[in-house]
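Please keep the sequence and the coordinates open while reading.

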Amino acid sequence: MPRRLLLAACALAAVPVFAACGDDDDADAGAGPGTSTASAQTAGATNSNDSPTLATPASKYSVSIDDIGIAWLTDIANTYIIDATAYGKQPMLFGNEAEGKKLLTDWGYLEGYETAYIPEGRDTSVLKGAYYIKVETHLFKDEEGANKAFKYFADYAATSGASPVNIQPVGNVSVAFATSYGTIGSTNVKALYHQVVFRRGNVITILLTKGAQGFMTVEPARELALIADEKILGERPAVEPTPTSSYKTPTPAPKR
């Protein structure tokens with residue numbers, strides 16, 4: 001799996017979400033591009049100064065199927081709570097388990113939540129302008145810890161080969177990246193990934209879209225980010241989603 005296609009959360013390192021969606025033969029492309037950083041020369045920006053400290057569950061602040069409408073289906077197999085213990089074991093994000101545990105403790109990591117949405121018609125629809133969606137929400141004890149984690153995720157992505165993209169600001173600080181990798185299904189149409197990462201208060205949200213070249217820009221990912229930001233700010237109802245399963249964060253196989 002190319003390092004440039006790794007997102008911050010453990011689930012991407014272990015479960016290629018888009019590969020489960022009837023996607024192209026390059027299953028690893030489903031892992032999505034790396035995040036970006038304010039410390040890199042990206043289009044990171046600062047928005048409102050409102051910086052709430054929110055309580056669990058993290059799922060309340062995610063983008064739900066009710067937010068995006070009937071054109072998508074929830075990818076139940078890739079919807080789950082992110083467990084801090086397993087999260088720290090991700091070799092593609094942290095150097096080793098000890099480092100992961102140390103950093104997560106330092107950041108005051110509470111929990112995370114991941115979900116994904118499949119467009120009706122899957123790749124056929126993507127070739128007409130639809131796109132896959134992936135959302136990660138990470139909750140920390142306080143803003144200071146969340147900011148440390150944001151910088152770490154961003155710095156990690158800045159060295160991963162993804163290209164920075166200019167966006168209008170979201171949250172207290174936000175950055176965006178784009179990556180082209182693989183194709184849509186068995187066609188020759190290139191797959192484009194756009195990613196927006198933002199922090200608001202003690203919450204980090206990562207939005208990832210995958211669509212077809214010629215149709216996709218960063219705007220759909222940013223619009224999804226705005227929905228999540230509204231929930232964090234209390235401007236949109238933040239409702240805990242109905243559990244889809246008892247599935248927890250997968251624990252990756254040990255390095256060989």
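In helix H4, the buried residues include Gly-100, Leu-103, Leu-104 and Trp-107. Buried stands for under 20% relative accessible area, exposed for over 50%, and partly exposed for values in between (1.4 Å probe, protein chains only). Helices (H or I, at least four residues) and strands (E, at least two) are DSSP runs, numbered from the N terminus. Seen down the axis of H4, the buried residues fall within an arc of 95°, so they line one face of the helix. The arc is taken over the directions from the helix axis to the C-beta atoms. An α-helix has 3.6 residues a turn, so residues three or four places apart point the same way.

This is a predicted model, in which local features need pLDDT of at least 70 and side-chain atom pairs count only at pLDDT 80 or more, while totals for chains, interfaces and linings use all residues. Residues are numbered from 1 along each chain as its sequence is written, and side-chain values use heavy atoms, with hydrogens and water left out.

The face of H4 turned away from its buried side carries the exposed residues Ala-98, Lys-101, Lys-102 and Thr-105. For Lys-102, the relative accessible area is 63%, so this residue is exposed. Lys-102 and Gly-88 are 14 residues apart in sequence, and their C-alpha atoms are 8.4 Å apart in space.

What do the buried residues of H4 pack against? Their partners are helix H3 (84-87), strand S3 (109-119), strand S4 (132-140) and H6. Contact here means heavy atoms within 4.5 Å.

Two packed helices are described by the angle between their axes and the distance between the axes. Helix H4 (residues 97-107) and helix H6 (residues 143-158) pack at an angle of about 140°, and their axes are 8 Å apart. That angle makes H4 oblique to H6. Angles under 35 degrees count as roughly parallel, over 145 as roughly antiparallel, 65 to 115 as roughly perpendicular, and the rest as oblique. The axes are lines fitted to C-alpha atoms, for helices over the stretch in contact, and the angles run from 0 to 180 degrees between N-to-C directions.

On the H4 side, the contact is made by Glu-99, Leu-103, Asp-106 and Trp-107; on the H6 side, by Gly-145, Ala-146, Lys-148, Ala-149, Tyr-152 and Phe-153. These residues divide into six nonpolar, one polar and three charged. In this scheme Ala, Val, Leu, Ile, Met, Phe, Trp, Tyr, Cys and Pro count as nonpolar, Asp, Glu, Lys and Arg as charged, and the others, Gly among them, as polar.

**The loop between H1 and H2**

Ser-59 lies in the loop between helix H1 (10-14) and helix H2 (65-68). With 10% relative accessibility, Ser-59 counts as buried. Leaving out residues up to four places away in sequence, Ser-59 touches Tyr-113, Val-239, Glu-240 and Pro-241. Ser-62 is also placed in the loop between H1 and H2, and its relative accessible area of 2% makes it buried.

A cis peptide bond joins Thr-56 and Pro-57, with omega of about 5°. Most residues other than glycine have a negative phi, and most peptide bonds are trans. Arg-122 has a positive phi of about 50° although it is not a glycine. Arg-122 belongs to helix H5 (residues 122-126) and, at 35% relative accessibility, counts as partly exposed.

**Further along, and the whole chain**

Thr-217 is found in the loop between strand S8 (203-212) and H7. Its C-alpha atom is separated by 7.2 Å from that of His-194, and the two residues are 23 apart along the chain. Leu-226 is found in helix H7 (residues 219-233). Leu-226 and Pro-169 are 57 residues apart in sequence and 9.4 Å apart in space, C-alpha to C-alpha.

The secondary structure of the chain comes to seven helices and eight strands. Of its 256 residues, 55% count as buried. Among contacts between residues at least 6 apart in sequence, 75% join residues at least 24 apart.
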